[in-house]
Amino acid sequence: MAAIYRAAYRRAALFYRSHSTYVRKMRYLNKLKEDDSLCRQAQTSGTFYIFHNLSPFLQKVGKKYSILQLSAAEMKRILEKFKETEQWIEKSVLIGCSDEHVPHFALDLGALERSVIEVELKGSFTDLRKAFFVVDEKDSSLLASAQGLLRWHDSHQYCSKTGQPTQKNVAGSKRVCHASGITYYPQMSPVVIILVSDSSRCLLARQASFPQGMYTALSGFCDIGEAVEEAARREVAEEVGLEVESLWYSASQHWPFPSSCLMIACHALVRRQQLEISMNSLELEEARWFGLEEIMEGLKREPKSAKQDNGSYLPWFPPKQAIAHKLIDEWVKQQTSQPPQVL
């Protein structure tokens, strides 16, 4: 009897998984990516997020910013107003869908006059670096994905082997060179970001290009052939001259700056016998150890309040949307609890 109940439970669990909202949503998106006719039909009922030369369109309501979503009918009206055909919609890229299977697309209107669109829709095209930090976290992720995909299509219009034009599918999930038969898919560059600690302090650094007073975790691109662990150890050695003793994974995040990157966040402990920082001045402007109290104060500090009367700046850290903030916050919590399992 127990075996019968277990089998029934497995069947019920399988049924639920295969019919859950998430599974249905993912399978629908996959169909849109693979079926041009279905995706073209979806463009007639979907919603559109618009960009202008990769800057997203935002509207301000009170003190809050939001992303404008245009219906397919509204998108058609805007194109008609600018004397453009509906074929422009095929330049859009699929970026997701709602739980109710309303597809979301992103479309760049960079060839049209920016100011006229802004007046018409009562908003403004905003640089992604600003937009990323003034909209909700969920919207930040969507904007980053949309801009990354639009940027990739803009820079991959020709085949690297034949030099011939490539053609995107309707969803924008790939480009094909019909002369060579090569299919190109959007890619992200893996970047390892590491919060280094000696167990009682953590190490943060800044580059000359950073805003005044901002410190963050060490980071660098993974080299071809490197594992994440190898890249993390190499970056710490290169940038601050320390040797990693143990390393554990925290989380990952798509990061759109300077272009599409996959940030792979880790914590690292360094050898206690060697804690003196030997900074690579070609990479960094400053790197130093921070104690728990200083870190906690820095997490509370806003960039605009960091400047002191004498012109110097108190340390402040990346905002909550950045995975570096998550690493620093985790480190604070780890001071009174056991660290995660070491890789």
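User: Over residues 186-313, how far apart are the end C-alpha atoms?

Analyst: This is a predicted model, in which local features need pLDDT of at least 70, side-chain atom pairs count only at pLDDT 80 or more, and totals for chains, interfaces and linings use all residues. Residues are numbered from 1 along each chain as its sequence is written, and side-chain values use heavy atoms, with hydrogens and water left out. For residues 186-313, UniProt lists "domain: Nudix hydrolase" in an unreviewed entry; UniProt positions follow the numbering used here, feature names are shortened, and annotations may be inferred rather than shown by experiment. The chain there is 17% helix and 37% strand, helices (H or I, at least four residues) and strands (E, at least two) being DSSP runs numbered from the N terminus, and the end C-alpha atoms are separated by 40 Å.

User: What percentage of the residues of the protein count as buried?

Analyst: The protein contains ten helices and 16 strands, and its C-alpha trace spans about 75 × 65 × 50 Å along the principal axes. A residue is called buried under 20% relative accessible area, exposed over 50%, and partly exposed in between (1.4 Å probe, protein chains only). Of the 343 residues, the buried share is 43%.

User: How far apart do the C-alpha centres of domain 1 and domain 2 lie?

Analyst: The domain assignment gives domain 1 (18-154) and domain 2 (189-337), with bounds that come from an automatic or database assignment. Eleven residues from domain 1 and nine residues from domain 2 take part in the contact, where contact means heavy atoms within 4.5 Å. The C-alpha centres of the two domains are separated by 33 Å.

User: Which side chain makes a polar contact of 2.8 Å with that of Arg206?

Analyst: Arg206 lies in strand β12 (residues 201-206) and is buried, with a relative accessible area of 4%. Beyond its neighbours within four places in sequence, Arg206 is in contact with residues including Pro211, Tyr215 and Leu284. A polar atom of its side chain lies 3.4 Å from the backbone oxygen of Phe210. A polar contact is a pair of N or O atoms within 3.5 Å (within protein, one must be able to donate a hydrogen and the other to accept it, and residues adjacent in sequence count only if both atoms are side-chain atoms), and the one of 2.8 Å joins Arg206 to Glu285.

User: How wide an arc do the buried residues of helix α4 cover around the axis?

Analyst: In α4 (residues 72-81), Ala72, Met75, Ile78 and Leu79 are buried. An α-helix has 3.6 residues a turn, so residues three or four places apart point the same way. What covers these buried residues includes β1 (47-52), β4 (70-71), β6 (103-108) and α5 (114-121). They lie on the same side of α4, because the arc, taken from the directions from the helix axis to the C-beta atoms, is only 120 degrees.

User: What is the relative accessible area of His101?

Analyst: His101 is located in the loop between β5 (93-97) and β6. Most residues other than glycine have a negative phi. His101 has a positive phi of about 70 degrees although it is not a glycine. This residue is partly exposed, and its relative accessible area is 28%.

User: Is Leu54 buried or exposed?

Analyst: Leu54 lies in the loop between β1 and β2 (55-61), and its phi is positive, about 75 degrees, although Leu54 is not a glycine. With a relative accessible area of 18%, Leu54 is buried.
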